[in-house]
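Trainee: I've got the model open and I'd like to work through its helices and charged pairs with you. Can we go one feature at a time?

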Amino acid sequence: GHDNGGHIYGEKACYEGDDKIKLVFSAPGTVDDMDEQVSILDEELARYPNVICIAPVDTTACLTQFELAEQDGIPIVTFDSGSEYHDVTAHISTDNIEAGKTAAKEIDDSLLLSPTVSTAAKEMATLLGDSGKVAMFIHDSLSMTAKEREQGFLDELSTHANMEATVIYHFDELENMAEIIADEKNVGLAEDDENRVLAEDFSQEDVITYILENNPDLKGIYTSNLDTTQLLADVLTDLEYNDLAFIGFDGGKNQLELLTDDIVDGLILQNPYGMGYATVVAAGRTILDIGNEAFIDSGYAWVTKTNMEDKTVEKFIY
């Protein structure tokens, strides 16, 4: 924000010197490590910060910590992924329900999408001639982002009579899917047969390959975040599957190359800079008791091969 706003933040938070807001950043080693995130949160709460800003890995895992924070007068701001905790000061993120639906056919100058334009599921229907079966690959079954991006896509798809999501695979279901695949491959083999396979030997790539090969009538694929998008692209390339409509969520320079190579038809890109900026502003407003909107939409863009080199798109590349 402005220097004056920063100065007020600094005075209110009792900081001195050039730093107007002191931001401490901590994160688990992997994006889905719920236990480590909870441990980090415990450590930070013990330092009694003015405010906690967090992107919860799980919608329910941090509820006890949030309640303790409230008792200690420490407000909570969530960003990117939400929580079932009802007393957060503000939530900053992409409108994931709408983003799960939205993928414009024609991009206006702003690139920012609104509920008035086409939807991701509708775009998928357009690519498939409004008829076909789709596989959904969702990054987990616990985070708010995953739930909303899945639901938004399904809600829109349900309005197309000849469209159906016949496969919905969550990446945290690897263990169960590996067991199913192992059992299938071990049918008729003795317990001591050297050809038997073990469930723990199967990777996400193996599961994806199994799903694709066992659903030959699939016409389209929808992925819900950066990792799922890239992993599906890698497997599709290895299998030389070139005829599936593919809409992905998230992307950086590597994912934009997937558009160039005609592996992906379109990407929904979030606004990471805007999300982070708005989160810090919301934290500052909380410290000043100015108040915040309950939900702050940080926006997103629909990117295809035709507009990927536009200057505006650069702001959305991760």
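Trainee: How are the axes of helix H2 and helix H3 set relative to each other?
Mentor: This is a predicted model, where local features need pLDDT of at least 70, side-chain atom pairs count only at 80 or more, and totals for chains, interfaces and linings use all residues. Residues are numbered from 1 along each chain as its sequence is written, and side-chain values use heavy atoms, with hydrogens and water left out. The axes of H2 (residues 34-45) and H3 (residues 63-71) come within 10 Å and cross at roughly 10 degrees (axes are lines fitted to C-alpha atoms, for helices over the stretch in contact, with angles from 0 to 180 degrees between N-to-C directions; helices are DSSP runs of H or I, at least four residues, and strands are E runs of at least two, numbered from the N terminus). Angles under 35 degrees count as roughly parallel, over 145 as roughly antiparallel, 65 to 115 as roughly perpendicular and the rest as oblique, so H2 and H3 are roughly parallel.

Trainee: Which residues of H3 make the contact with H2?
Mentor: Contact means heavy atoms within 4.5 Å. On the H2 side you'll find Val38, Leu41, Asp42 and Leu45, and on the H3 side Gln65, Phe66 and Ala69.

Trainee: How far apart are the end C-alpha atoms of helix H11?
Mentor: H11 (residues 272-287) has 16 residues, and at 1.5 Å a residue it should span 22 Å (the expected span is 1.5 Å times one less than the number of residues). The model agrees with that, because the end C-alpha atoms are 23 Å apart.

Trainee: How many salt bridges are there?
Mentor: A salt bridge here is a side-chain nitrogen of Lys or Arg within 4 Å of a carboxyl oxygen of Asp or Glu. One of them pairs Arg47 with Glu44, the closest N and O atoms being 3.1 Å apart. By this rule the count is three.

Trainee: Is Glu44 buried or exposed?
Mentor: Buried means under 20% relative accessible area, exposed over 50%, and partly exposed in between (1.4 Å probe, protein chains only). Glu44 is at 16%, so Glu44 counts as buried.

Trainee: How many residues apart are Lys133 and Asp217?
Mentor: Lys133 and Asp217 form a salt bridge, with the closest N and O atoms 2.8 Å apart. Lys133 is in strand S4 (residues 132-138) and Asp217 in the loop between helix H8 (204-213) and strand S6 (218-223), so this pair links distant parts of the chain, 84 residues apart.
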